[in-house]
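User: I am new to this structure. Please show me how to read its main features.

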Amino acid sequence: MPNRSISISLDERLLTQLDAQGPNRSALVSEALTQWLTQRRVDALHIAYADLAKLEGGDLNAAGEDAITMAFEVLAQGLDG
């Protein structure tokens, strides 16, 4: 997918920390956002499985294990899935 140029504002301290990680700000921001979005998807899966276990009176531990399995699948798919 082609990149698109955008403009964002960052706190000076955050920008300093970002620049310390490497010279390509765009790549670093893209990597960070990819990881953050993936983590949000994983968190949503955990919440959904916990809620499902409560609604069905099921085993919360089993639901948690299922959520972890699905989380690994989400991570394997990346943002394309």
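Analyst: We go through confidence, fold, surface and charged pairs in turn.

User: How far should I trust the coordinates?

Analyst: This is a predicted model. Where pLDDT is low, the coordinates should not be read in detail. Here the protein averages a pLDDT of 83, and 86% of the residues score at least 70.

User: Where is confidence lowest, and where is it highest?

Analyst: Helix α3, residues 60-77, has the lowest confidence, with a mean of 74. The highest is in α1, at 96.

User: How many helices and strands are there?

Analyst: Three helices and zero strands. From the N terminus, the order is α-α-α. Among contacts with a separation of 6 or more, 46% join residues 24 or more positions apart.

User: How much of the protein is buried?

Analyst: Of its 81 residues, 16% count as buried. The accessible surface is about 6,800 Å², and carbon and sulfur atoms hold 55% of that.

User: Which residues form a nonpolar patch on the surface?

Analyst: Look for I6, I8, L10 and L14. Together they have about 390 Å² of accessible area. I8 lies in the segment before α1, which spans 12-20.

User: What about salt bridges?

Analyst: Look for a Lys or Arg side-chain nitrogen within 4 Å of an Asp or Glu carboxyl oxygen. The whole structure has two salt bridges. D11 pairs with R13, their closest N and O atoms being 3.5 Å apart. D19 pairs with R25 at 2.7 Å, N to O.

User: Is R13 buried or exposed?

Analyst: R13 is exposed, because its relative accessible area is 63% and the cut-off is over 50%.

Notes: Residues numbered from 1 in each chain as written. Predicted model: local features only at pLDDT ≥ 70, side-chain atom pairs only at ≥ 80, totals over all residues. Heavy atoms only, no water. Patch = residues over 30% accessible without salt bridge, like charges linked within 9 Å, V, L, I, M, F, W, Y side chains within 5 Å. Areas by Shrake-Rupley, 256 points an atom, 1.4 Å probe, with all protein chains shown as cover. Helix = DSSP H or I, 4+ residues; strand = E, 2+ residues; numbered from the N terminus. pLDDT = per-residue confidence, 0-100. Buried < 20%, exposed > 50% of the residue type's maximum accessible area, 1.4 Å probe, protein only. Contact = heavy atoms within 4.5 Å.
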